[in-house]
Amino acid sequence: MWSGLIKPIVKLNVKQQLILLFLIMISPILILNSYGNMKAEQILKRHVTNAYVELNKQNFTIISRDIDTVNKITTTVIQNPLIQQINMTGNDPILERVMRYETIEKLLASYSQGAERGDGIYYSLYVYDPDDYYFFAPNFPQVKKAGVYFFSKGEQPYWFEEAVQQKGHGYLMFAEKLSPQAENLKTLTYVRAVNNIYKGAKTIGVLVVTKMESKIGASLQSISLPEGEIYLTDLNNRVLASTTNDTGEVITLPDSAEAGDPEGTVDVITSDFIYVVNNNHTLGQKLVYKIPVKALLQQQNEMKRVIQYITVAYALFGLIIITYFWRSLMTPLQKLAFFVRKYEPGNRVPETPRRGSNDEVSVLIASTYDMARRLNGLIMYKYQMEIKQKESQLQLLYQQINPHLLYNTLESIYWKSSLEGNVESAEMIKELSKLMKISLSRGRELITLEEELEHATAYIKLQQHRYDYVFDVVWKIHPDAKSYLIPKITLQPLIENAIIHGVKNMGEDGEIIISASVEEENIRITIEDNGYKTVDYMAIEAVLNDESPNPASGYGIRNINQRIHLHFGPDYGIDYAQRKEGGTLVTVKLPKSENQE
């Protein structure tokens, strides 16, 4: 493992290694700086978020208390006898109806808060008057005014039926306008049906509290968030009240803050904002805090700058150290590299530079110059060795004269026997001369498959003449395979094994099949025999592949396998297996290699 890490570093030059050293020195500081800032930011976000969660709960309690106060006031108003005595029968005199109307108007005005300042909430009662018994009363409600409004069937507000269906349960609602005839003024209203407590569930009207955004907005403004925003919304994220001017708009929350809208408080931290959402399904409301992250990280940014200054100072210090080592190591090493590149064996070596110290660099420079001098001393010895090598080559050429002389002599005997009529002897001499010729192959170790097949054919014919063998030989050679290279004298030992250990005593029943084919990037040569003898294939496998095979098993096929490995690599070689039809199958696998001469 360590060697795998060190090797790429060793391949770098000294200059690159010094730069790498500088990066290694500065990288931990940069990593720790980044990691520390990230963790500090996460911790700060989490602590601040937890504080805002608690603040959100308290804020929501205050808002709920404000709504509860309004709810109690509406309960008091609903229970007032004047409200309960309103009837639409038309039996009471007009004067009594006028007086009841004025008294209820004053009652509702007394509960309205801040009416004088214009920023308070207003209580209004909406009564369904299909027969126009209260024709003298206004039916055009105003947002900033408390009062009693009677409306006919065609003037019924869109929210009236929904409020009646709540059966006295009050709820907040954002209204674009209170009725078709009212002014277009958006307002947050609290709506509650007024039921007759004496006559069962009969509805008298609907009590509406307008300008609730003023009351709830005051509660929202009491909370200070750094550049943050506070929204009170319904369960569909429609803004009922906020610290901004987004009343009536629909805000977008992160998906994780809306997954299932669980009851209670959830918080979500994104890259830009912190969201704290308090869901209250009973009231059908959400209280949302939206705080920008950058506002929280202003103090942390000051700390980041201090750490960055320390990092820059450390980097400058490291740069000074690297510069010192650069001047101390690189300058003499560059001079040494210049000498090594310029030096040629045999040239005069200049005097060794002196640095006045015995450090490793000085030792290296002195050793290099001494090595150059020793190299000059070895040149004469090298020349002498080359002369001796030429003499050895001449001796080898002399030794090759005898095989060539034998080959030429066999050719002469072949022609003389042919002229004298000894045809069979002449043929044997001809085949033997072919064996000699291909064995020499002009000193080549690799020959074409066509030449090797010629050598194998000569060997088979020679064996058949010599021992009167009558076995059949079948050739299945693909023409495209003949031009590819094969180590010489590869097939002859394999064919010899097929004859001796396979079909030797089978007479005319013996058969040897020699095939050659091209398979993608490889050449596949097979030699099959239909011999009947039992063959120990495990012993053959041991001979081919074991490092220390049994000498009694022979080395012929092992030498063939090793020669193939030597020329083409361990992916190629020979393999023995039992033939399906009986006998032995030997396969020679070679790459598609052609003569480049």
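This is a predicted model: local features need pLDDT of at least 70, side-chain atom pairs count only at pLDDT 80 or more; totals for chains, interfaces and linings use all residues.
User: What share of the residues in the protein chain is buried?
Analyst: The cut-off for buried is under 20% relative accessible area. The protein chain has 597 residues, and the buried share of them is 39%.

User: Let's turn to helix 16. How far does helix 16 reach from its first C-alpha to its last?
Analyst: Helix 16 spans residues 556–568, which is 13 residues. At 1.5 Å a residue, 18 Å would be expected. The model comes close to that, with a reach of 19 Å.

User: Why do the buried residues of helix 16 lie on the same side, and what arc do they cover?
Analyst: The buried residues in helix 16 are Ile557, Arg558, Ile560, Asn561, Ile564 and Phe568. They sit on the same side of helix 16 because the arc they cover around the axis is only 160°. In general, an α-helix has 3.6 residues a turn, so residues three or four places apart point the same way. For helix 16, the arc is 160°.

User: Which residue follows helix 16?
Analyst: The residue in question has a positive phi, near 105°. It is Gly569.

User: What is Ile216 in contact with, leaving aside its neighbours within four places in sequence?
Analyst: Ile216 is one of the core members that touch the most others. Its contacts beyond those neighbours are Ile63, Ile67, Leu172, Leu188, Leu232 and Ala241.

User: Is Glu520, with its positive phi, buried or exposed?
Analyst: Glu520 is not a glycine, yet its phi is about 55°. Glu520 lies in the loop between strand 14 (511–519) and strand 15 (522–529). Its relative accessible area is 73%, so Glu520 counts as exposed.

User: Where is Ile489, and how does its accessibility class come out?
Analyst: Ile489 also has a positive phi of about 55° although it is not a glycine. Its place is in the loop between strand 13 and helix 14. With 26% relative accessibility, Ile489 is partly exposed.

User: What kind of aromatic pair do Phe135 and Phe136 form?
Analyst: The ring centres of Phe135 and Phe136 are 5.6 Å apart. Their planes make an angle of 80°, and the cut-off is over 60 degrees, so the pair is edge-to-face.

User: Last one: is Ser515 buried or exposed?
Analyst: Ser515 is found in strand 14. Beyond neighbours within four places in sequence, its contacts include Lys476, Ile477 and Arg524. At 14% relative accessibility, Ser515 counts as buried.

Methods
Residues are numbered from 1 along each chain as its sequence is written. Side-chain values use heavy atoms; hydrogens and water are left out. Buried means under 20% relative accessible area, exposed over 50%, partly exposed in between (1.4 Å probe, protein chains only). Helices (H or I, at least four residues) and strands (E, at least two) are DSSP runs, numbered from the N terminus. The expected span of a helix is 1.5 Å times one less than its number of residues. The arc is that of the directions from the helix axis to the C-beta atoms. A nonpolar core is a set of buried Ala, Val, Leu, Ile, Met, Phe, Trp, Tyr and Cys residues joined through side-chain atoms within 4.5 Å. Contact means heavy atoms within 4.5 Å. Rings of Phe, Tyr and Trp (its six-membered ring) pair if their centres lie within 6.5 Å; planes under 30 degrees apart count as stacked, over 60 as edge-to-face and the rest as tilted.
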